[in-house]
Amino acid sequence: MSLQGALIQVWIFALGLIIGSFLNVCIYRIPKKISLLWPASICIHCNKRIVWYDNIPVLSYLFLKGKCRHCNNKISVRYPIVETITGIVFLFLFHNIIIVNGYSLFTYSFYIILCCLLIIGSFIDLKLRIIPNEVTYNGLILAPIASLLCTGIHEFNGSLKYFGNSGNQWANSFLASLIGIFIAGGLIFLCGVIGKIVLKKDAMGFGDVKLMGVIGGFLGWKLAVATFFVAPFLGLLFGIPKLILKKGHVIPYGPFLSLAAFICILFKDFFIKIIDNYLDVYLNVFFLFVNTLCL
Ligand SMILES: [Zn+2]
């Protein structure tokens with residue numbers, strides 16, 4: 001890698017850290033219904049304003065050893081974790097979307113918006129076991145609008161093969177996003193209904209249905225279906241140790257859906273190919289069946 005390339009990636013990571021710092025504000029303030037822009041950051045223990053040099057992502061936390069400069073109370077480790085995760089997401093997507101696939105900065109921003117929503121939703125879900133409507137409704141509105149602005153996106157996501165061939169690229173892209181929302185949301189809603197019948201208790205929150213709708217709206221129905229199948233594996237991977245340690249049996253599902261969606265973005269060609277292959281097999285069997293019946 002050239003020096004210039006390396007420098008750009010350092011900048012992208014730093015940008016991710018700064019945006020991550022803002023996502024922290026969202027995670028703390030959205031459930032409390034406090035404005036995101038005003039007032040400036042304050043310590044939640046002593047209400048003293050946090051000066052700029054104590055507000056540098058990750059570094060300030062390390063420098064202050066995780067304690068407030070004024071009252072010495074602990075600062076949540078969630079802050080540097082969210083910042084670092086956002087930085088890594090920015091970097092990975094930059095590498096995958098721009099360097100490897102050669103897509104535009106516009107496409108990159110499209111995926112970044114989704115990932116930021118997912119990070120906010122996941123960390124609020126981890127903390128409070130809810131995914132606020134401020135996150136999901138905004139996502140459900142943003143997805144079709146972003147699809148209109150970035151019409152190529154659903155072509156990359158392979159969601160136009162079976163639906164949307166009207167010849168108008170804007171109509172196709174908008175439709176692909178709506179179909180994604182309904183198929184993704186519908187899948188997990190159905191899961192919740194079946195779970196409720198079998199387990200006789202609420203198996204899936206409606207927040208998960210809306211979050212999955214957001215994922216479908218941005219990624220199209222194919223990657224949403226892939227996300228739907230990857231998430232339970234991640235759930236088992238992280239959930240089993242938690243169940244063994246008996247740290248409560250309510251496991252928030254939002255973070256697993258989000259992580260699964262991120263994995264599906266990074267390996268989208270692989271997942272789209274699997275879905276296409278399965279679909280072709282099923283459709284062929286189906287038509288063979290119909291033909292035999294008719295003959
Ligand atoms: Zn303080």
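## Domain arrangement

The centres of domain 1 and domain 2, taken over C-alpha atoms, are separated by 28 Å in this predicted model. Domain 1 covers residues 1–102 and domain 2 covers residues 121–295, with bounds that come from an automatic or database domain assignment. Residues are numbered from 1 along each chain as its sequence is written. Because the model is predicted, local features need pLDDT of at least 70 and side-chain atom pairs count only at pLDDT 80 or more, whereas totals for chains, interfaces and linings use all residues.

Contact between the domains involves eight residues of domain 1 and eight residues of domain 2 (two residues are in contact if their C-beta atoms, placed from the backbone, lie within 7 Å). On the domain 1 side, helix 3 (residues 78–100) gives the most, with five residues. Helices (H or I, at least four residues) and strands (E, at least two) are DSSP runs, numbered from the N terminus. That side of domain 1 divides into six nonpolar residues, one polar and one charged. Ala, Val, Leu, Ile, Met, Phe, Trp, Tyr, Cys and Pro count as nonpolar, Asp, Glu, Lys and Arg as charged, and the others, Gly among them, as polar.

## Packing of helices 4 and 5

Helix 4 (residues 105–128) packs on helix 5 (residues 133–149) at an angle of about 170°, and their axes are 11 Å apart. Axes are lines fitted to C-alpha atoms, for helices over the stretch in contact, and angles run from 0 to 180 degrees between N-to-C directions. Helix 4 and helix 5 are therefore roughly antiparallel (angles over 145 degrees).

From helix 4, Phe-110, Ile-113, Leu-117, Ile-120 and Gly-121 meet Val-135, Gly-139, Leu-142 and Ala-146 of helix 5. This contact has seven nonpolar residues, two polar and no charged ones.

## Annotated regions

An unreviewed UniProt entry annotates residues 15–95 as "domain: Prepilin peptidase A24 N-terminal"; such annotations may be inferred rather than shown by experiment. Over residues 15–95 the chain is 47% helix and 0% strand, with the end C-alpha atoms 14 Å apart.

UniProt (unreviewed entry) also places the feature "transmembrane region" at several stretches, including residues 79–99 and 105–124. Residues 79–99 are 100% helix, and their end C-alpha atoms are 29 Å apart. Residues 105–124 are 100% helix, with end C-alpha atoms 28 Å apart.

## Model confidence

The average pLDDT of the chain is 89, and 94% of the residues score at least 70 (pLDDT is the predictor's confidence in each residue, from 0 to 100). Among the elements of the chain, helix 3 has the highest mean pLDDT (96) and helix 6 (residues 153–156) the lowest (76).

How values were computed: Angles under 35 degrees count as roughly parallel, over 145 as roughly antiparallel, 65 to 115 as roughly perpendicular and the rest as oblique.
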